[in-house]
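Q: Could we go through this model together? I would like to begin with a single residue and then move on to the helices.

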Amino acid sequence: MKNIVFTICLLGSTCLSAQNTIGGNKVIVPEAEVKRQSEFLEAEKERLLAHYDKAIERYNKFLYDNADVDAAWYGLARCHAAKEDYVKALEEIEKAVAKSPDNQWYLIFQADLFEKTGRLKDAIAVYETLTKRWPHNPDFFQQLAYLHVLNKDPKAGLKALDKLEQITGLTEQIADKKHIIYVGLGDDKKAAAELLRLANAYPHKPEYRRELAHFYEVMGDQANARRTYEDILRRDPDDAAAKLALLGKGKNNSDATYLASLKPLFADPNTPIDAKIKEVLPFFGKMGNNSDPALAQNLLELGAILEKTHADDAKAWSVSGDLLYYSNRPTEALEKYRQCIRLSPRVFSVWDNTLTILAEQKNFDEMLRFAEQALDAFPNQPKAYFYYGVAANLKGQYDDAISQLEQALLMVGSNTALRLDLTDQIGLSLLGKKEFASAISRYEQALPKGGEQHPGILEHYGDALSLNGRHDNAIEQWKKANALRKSAVLEQKIAAGRL
């Protein structure tokens, strides 16, 4: 149906006809045609304004007398689809397609509705029709491949991608999709071959060859990974990532020797920081009081090099802080964490370690400030509320602590350990307010839910009992707590028999 722009001429109170220019000739459009076009355009306008109920009403009114107009059925189908009434939308688009089978937009919309309603085979049939009628349109083959894979027929998807490649040549998107399909089929050899084809097709893009090497590493094929990295270095002897990957740790080299060999590459700003971090992560577990001094020293030196080489990257300061933290050098770690937070406050583990250090240092003023900042940065992280509650309790701000701790309980989910820690702090808040009976009640509710294995809850339950005059019961709870986690403070309480 043609959309004709026309000018209505008024004769008295009634419009009898309209004049328009078509093909350079002035013609008179009958009043019935003017009315027909006007009704259709009103329906279209309402649809474009997203007034779908009004549009549906106008399309239905128009179609009552003009059931042969495919564009109206298409518009009506789009309205029902927008309202997620896919059954009606499918009925209506089918009528549009029947009246205009060569309109690709109708077919595309019909296939989209089939996909939305889980009729994948029908959607595939439509796209097979589209690829036959328009064999040079790459979008149709791409969508056909997607639908085949969605329909759990990856081999048919590969065939569609082969035809797409005949049209466009090998592209990153095609190679990536084929690679993923072969991985899903468990054919690692062909999956690697797709990445190799891409790397060879675009030799000026070394990232494709690096991706191939990484895939070999993930598959455990170290020989091919090494050969690929060597190939990268033949093409570019200065490729830092390949150098780092090939450096490796010889069988006869110690951890400390290997780490020392990394220093020149860590000082190279062109080597990606993520690749550097990957090299040191396996050694974190070896840090601590009994670690090899040479290993610890080399790790700390690598952390310091990261700070200098990537001074504006929060990851560098986070790693350096972690290395110091695991080396039991919390004061130095704290400075690194502060810088990391200044650069990027979005890593909660950094806040976690920072707040732990501040608590150990009894720096409660700064702990409270950092906890408040952590709440702003992570409003859905219950542990941030826990730290705030701990700091507020230690500052004697008990009501403020309870408010935040209760909020955390609402979002803690299935984390039983954190739930018990939160409950313990709420009990301490109540003890601080001298509401001993309320504290006892809170602790008793927690006992059958894991509290009997929580030394903090048992100890502070005993404190509440003692402060409430129930000294014998208090000693019993203190003994249970001491059996789980011995402490001189608990032994003093038990010996004294009361707080």
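Q: Is Glu84 buried or exposed?
A: Glu84 counts as exposed, because its relative accessibility is 60% and the cut-off for exposed is over 50%. Please keep in mind that this is a predicted model.

Q: Where is Glu84 found?
A: Glu84 sits in the loop between α3 and α4, the latter being residues 86-99.

Q: And what is the phi of Glu84 near?
A: Phi of Glu84 is near 60°. That is a positive value in a residue other than glycine.

Q: What about Ala50, where is its place and what is its phi near?
A: Ala50 is placed in the loop between α1 (31-48) and α2 (52-65). Its phi is near 65°, a positive value, and Ala50 is a residue other than glycine.

Q: Why does Ala50 count as partly exposed?
A: Ala50 has a relative accessibility of 41%, so it counts as partly exposed. That class lies between the limits of 20% for buried and 50% for exposed.

Q: Let us turn to Leu76. Which helix is it in?
A: Leu76 belongs to helix α3, which covers residues 70-82. The residue counts as buried, because its relative accessibility is 1%.

Q: Which residues does Leu76 touch?
A: Setting aside residues up to four places away in sequence, Leu76 touches Ile56, Tyr59, Asn60, Leu63 and Glu92.

Q: How many Å apart in space are Leu76 and Asp322?
A: From C-alpha to C-alpha, Leu76 and Asp322 are 61 Å apart. In sequence, 246 residues separate the two.

Q: Changing topic, how many residues has helix α6?
A: Helix α6 has 14 residues, 120-133. Its first C-alpha and its last are 20 Å apart, close to the 20 Å expected at 1.5 Å a residue.

Q: Which residues of α6 are buried?
A: They are Leu120, Ala123, Ile124, Val126, Tyr127, Leu130 and Thr131. Viewed down the axis of α6, these buried residues fall within an arc of 160°, so they line one face of the helix.

Q: What do the buried residues of α6 pack against?
A: The buried residues of α6 pack against α5 (104-116) and α7 (138-150). The face of α6 turned away from the buried side carries the exposed residues Lys121 and Lys132.

Q: What about α25 and α26, at what angle do they pack?
A: Helix α25 (residues 436-446) and helix α26 (residues 455-467) pack at an angle of about 145°. Their axes are 9 Å apart, and α25 passes α26 in a left-handed crossing.

Q: Which residues make the contact of α25 with α26?
A: On the side of α25, the contact is made by Phe436, Ala439, Ile440, Tyr443, Glu444 and Ala446. On the side of α26, Ile457, His460, Tyr461, Ala464, Leu465 and Leu467 take part.

Q: How many residues of that contact are nonpolar, polar and charged?
A: The residues of the contact of α25 with α26 divide into ten nonpolar, one polar and one charged.

Q: Moving on to α27, what should its residues span?
A: At 1.5 Å a residue, the 14 residues of helix α27 (residues 471-484) should span 20 Å. The end C-alpha atoms are 20 Å apart, which agrees.

Q: Which residues of α27 are buried?
A: The buried residues of α27 are Ala474, Ile475, Gln477, Trp478, Ala481 and Asn482. They cover an arc of only 165° around the axis, so they are on the same side of α27.

Q: What do the buried residues of α27 pack against, and which exposed residues does the face turned away carry?
A: The buried residues of α27 pack against α26 and α28 (488-496). The face of α27 turned away from its buried side carries the exposed residues Asp472, Lys479 and Ala483.

Note on methods:
Residues are numbered from 1 along each chain as its sequence is written. This is a predicted model: local features need pLDDT of at least 70, side-chain atom pairs count only at pLDDT 80 or more; totals for chains, interfaces and linings use all residues. Side-chain values use heavy atoms; hydrogens and water are left out. Helices (H or I, at least four residues) and strands (E, at least two) are DSSP runs, numbered from the N terminus. The expected span of a helix is 1.5 Å times one less than its number of residues. Buried means under 20% relative accessible area, exposed over 50%, partly exposed in between (1.4 Å probe, protein chains only). The arc is that of the directions from the helix axis to the C-beta atoms. Contact means heavy atoms within 4.5 Å. Axes are lines fitted to C-alpha atoms, for helices over the stretch in contact, and angles run from 0 to 180 degrees between N-to-C directions. A crossing is left-handed if the near helix is turned anticlockwise from the far one by less than a right angle, and right-handed if clockwise. Ala, Val, Leu, Ile, Met, Phe, Trp, Tyr, Cys and Pro count as nonpolar, Asp, Glu, Lys and Arg as charged, and the others, Gly among them, as polar.
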